[in-house]
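This report describes a single protein chain from its coordinates. Please keep the sequence and the model open while reading.

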Amino acid sequence: MKINAIITAGGSGSRYGEKNKLFEKCGNSCVLVEAIKPFLETEGVTRIIVGIAASGTADFMSALDCAGLRGDTRIVLSDGGATRTQTVKNAVASIEEDADFILVHDGARPYVTLDLIRKVIASASEHKVALPLLPMTDAIADVTANAKPVDRAKYRRVQTPFCCEKNLFVDAYNSLESEFYDDLSAVKTCYSGDIGIVDGDERNVKITFGGDIARADGNNFLTGCGYDIHRMTKGDGIKLLGVKIPCEYGFVAHSDGDVPIHAVMDSVLSAIGEKDIGHLFPVDDSEYDGADSADLLRRVLDIAQGKGYTPHNLSVAIIAERPMLSPYIDEMRNRMSQITGVPRDRIGISATTNEKVGEIGHTQAIAAYSSVLLKRLN
């Protein structure tokens, strides 16, 4: 069996926002590339025709480069039309003559599974035409009839991929003279036989509005860990997690020496794949002499936000023989909530000694570990 797939990517995605949703980060690449990948793995698919607007071609080729797919000769381009119907009609000209079946899939559905594609193909092999449908879960009403309640049991939500026998598909689209909602309605203009219905997949969502990717993508969260240690000397107090703690010690440090905040910064940078704070705030740069570590943390959080992530929860463990830290834990949580925006009840701070072992145990240093969970911004 020889199959061609058409990926519709000609729309503007105006409901999504200013950015082109097809090239938003998704999975290991972008929405459009992730929508294509499962078809490359589908047995029998020999050509994938991507109907894309000229304005998106350069971005698409760049995305294929990044995904290592630009050299795959199965992927060919077709002109995206002003409507979905026109995009598919344009793609018909690129269908291989000896293809047996045609799959059509929305380029904005990046979570389609290989299993669903196979089920649709199997059903079309039996019925000539098949598509995945999902039951209505909410009550529905007819807004053209004063919100008249409608029996939802009779209706289904339509997904892609749609699959159709090649000759039937080509004949239907070559004879179209008007616009249609989807491929099924187009094919039914010249076909009245049984339609193969496959159970759809709730994960196979169509990215439509800003935030859809964040809700559906497996990369909603990133985790990172960080560690730091600073020697101590005689002084008039130390700062930990933004809280000044009176004691007879001070830090030997480039900035204010706030060890646990430094660990937090490294955990955030680790989560987003950036180098540690030694690269970001070099020790030989006088700009950071005595710097407030809280301000440096805010700069790190801005970098994370620029990559689309913000802290969701935070855990910090401080290892210090002295001074006694338990009286300051609540204040530290409050301060870190103010700095990071993480609710206080999602910030965990613990303090322990080093049981008089090593430099920390002999009050010569304080160390801290941090782990952070970052959440994708909507």
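The sections below go from the whole chain to single residues.

## Basis of the report

The model is predicted: local features need pLDDT of at least 70, side-chain atom pairs count only at pLDDT 80 or more, and totals for chains, interfaces and linings use all residues. Residues are numbered from 1 along each chain as its sequence is written, and side-chain values use heavy atoms, with hydrogens and water left out.

## The chain as a whole

The chain has 12 helices and 19 strands. Helices (H or I, at least four residues) and strands (E, at least two) are DSSP runs, numbered from the N terminus. The C-alpha trace spans about 90 × 50 × 35 Å along its principal axes. The radius of gyration of the chain is 29 Å, whereas a compact globule of 378 residues would have one near 21 Å. This radius is taken over C-alpha atoms, and the globule rule is 2.2 Å times the number of residues to the power 0.38.

Contacts are heavy atoms within 4.5 Å. Among contacts in the chain with a separation of 6 or more, 73% are between residues 24 or more positions apart.

## Surface and charge

Of the 378 residues, 49% count as buried. Buried means under 20% relative accessible area, exposed over 50%, and partly exposed in between (1.4 Å probe, protein chains only).

## Helix H3

Helix H3 covers residues 84-92, and its buried residues are Thr 85, Thr 87, Val 88, Ala 91 and Val 92. These residues are on the same side of H3 because they cover an arc of only 160° around the axis. The arc is that of the directions from the helix axis to the C-beta atoms. An α-helix has 3.6 residues a turn, so residues three or four places apart point the same way.

The buried residues of H3 pack against strands S1 (3-9), S4 (45-52), S5 (75-79) and S6 (101-106), and against helices H5 (166-174) and H6 (183-187).

## Backbone exceptions

Most residues other than glycine have a negative phi, and most peptide bonds are trans. A cis peptide bond joins Thr 160 and Pro 161, with omega about 20°. Pro 161 is in the loop between strand S10 (156-158) and strand S11 (162-165). The bond from Arg 322 to Pro 323 is also cis, with omega near 0°; Pro 323 is in the loop between strand S17 (309-319) and helix H11 (329-340).

Asn 146 has a positive phi, near 55°. It is in the loop between strand S8 (140-142) and strand S9 (148-150) and counts as exposed, at 76% relative accessibility. Thr 363 has a positive phi of about 60°. Its place is the loop between helix H12 (358-361) and strand S19 (365-376), and Thr 363 is buried, with a relative accessible area of 12%.

## Selected buried residues

Asn 204 is in the loop between strand S12 (196-199) and helix H7 (212-216). At 0% relative accessibility, Asn 204 is buried. Leaving aside neighbours within four places in sequence, Asn 204 is in contact with His 105, Arg 109, Tyr 111, Val 112, Leu 116, Gln 159 and Thr 160. Asn 204 and Gln 159 are 45 residues apart in sequence, and their C-alpha atoms are 7.6 Å apart.

Leu 69, in the loop between H2 and S5, is buried at 15% relative accessibility. Not counting residues up to four places away in sequence, Leu 69 touches Val 33, Lys 37, Leu 40, Leu 64 and Ile 75. Ser 29, in strand S3 (residues 29-30), is buried with a relative accessible area of 16%. With the count again leaving out residues up to four places away, Ser 29 touches Glu 24, Glu 34, Lys 37 and Ala 67.
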